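Look over this protein before reading on.

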Amino acid sequence: MTEHSARHNAVLADCRLSLNRHVAPWVERLCAEADALRVRVQRDDTGVRLVDAGIEAPGGVAAGLLIGEICMGGFGGVGLRSGMNDGVVDGWPTWLEVSSSLPVLACLGSQYAGWSLAASKEETGGKKFFALGSGPVRALAVKEPLFAELGYRDQAEQGVLVLEVDRVPPAVVLRKVLRDSGLQPEALTVVLTPTTSAAGTTQVVARVLEVALHKAHELGFALGDIVDGVACAPLPAPSPDAVQAMGRTNDAILYGGRVHLSVRGSDDAAHTLAATLPSMNSRDFGRSFADIFKDVGHDFYKIDPALFAPAEVWISNLDSGRSWHAGGIDIDLLRRLWLEAD
């Protein structure tokens, strides 16, 4: 561990940086402006607050932008920009921009969908349930080994969880979240964002920076040496078909995601990260994610892990002032997948 990594981990371990307390104003805004954001807020029988951002409520892009920032604990910004450069459309009309000056905490400590939440048919009294939880409540429950590496555990009296699902989680799952997070029901907010909604598509594409951080971690790069992150990706229209919707959000990052990471440490490590991080290093690169998913029998774990990365990467070493670039976006592929032929 470098000296900078040790200092960085000490910052994460400082409980004054509370993801759940920090993000509370974002959560309250989502609920207070529910009508304008086209979401629906209600409480279940136990008092847990549920925010529907696309199941029964429409769930628009503006809600997705705010939910993207909630996923990052409020320690990252998510916004829109036009695809116009000097009057010329940059291949797609609307792009998401994401940034964070605490990218490890915001992306891996909060936004990453790493908490497995499942229930059997017997437990639900009907249909089995599975979802990967993301958002600040993960740091209260710390059920994932990743938190031991980060050296971080949040302490807060309220929390928010985001689930990419098309139905309300069963009571047994909500009880598990409450038990593991130590929260009272009225202190827990659960945001539900099916990818088939505009809000759901937006908040998934807003993970473009997080995908880069997760890949860097898988490659063994010292997380404490990642200082800043800026990213963008094209925002596709959501599809009413769940598999196609999921495919579009993945393709947006795998073939349209651009990430710039500022790091510290050795030039060799920075150069290696730039060369190995882009999605082009995968054997599955070049085909739509929906097709790849179908070919592996809808089993995520059979997909080459190297594919889950942004298309284009810049790495700048703040210690030496040197930068490296690798990969490249394939906007033509995305246009073939997303744009109807004349």
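The protein carries 31 positive and 42 negative side chains. The centres of these two sets lie 4 Å apart. Lys and Arg count as positive, Asp and Glu as negative, while His and the chain ends are not counted. Each charge is placed at NZ of Lys, CZ of Arg, CG of Asp or CD of Glu.

This is a predicted model, in which local features need pLDDT of at least 70, side-chain atom pairs count only at pLDDT 80 or more, and totals for chains, interfaces and linings use all residues. Residues are numbered from 1 along each chain as its sequence is written, and side-chain values use heavy atoms, with hydrogens and water left out.

Now the overall form. The radius of gyration, taken over C-alpha atoms, is compared with a globule rule of 2.2 Å times the number of residues to the power 0.38. With 342 residues, a compact globule would come near 20 Å, so the protein's 19 Å agrees. Buried residues (under 20% relative accessible area, 1.4 Å probe, protein chains only) make up 55% of the 342.

The protein has 15 helices and 12 strands. These are DSSP runs, numbered from the N terminus: helices are H or I with at least four residues, strands E with at least two. Two strands pair if DSSP finds at least two bridges between them.

| Strand pair | Sense | Bridges |
|---|---|---|
| β9 (residues 226-234) and β10 (residues 258-263) | antiparallel | six bridges |
| β10 and β11 (residues 312-317) | parallel | six bridges |

G229 has L261 in β10 as its bridge partner. R258 stands opposite E312 in β11.

Definitions and conventions: Buried < 20%, exposed > 50% of the residue type's maximum accessible area, 1.4 Å probe, protein only.
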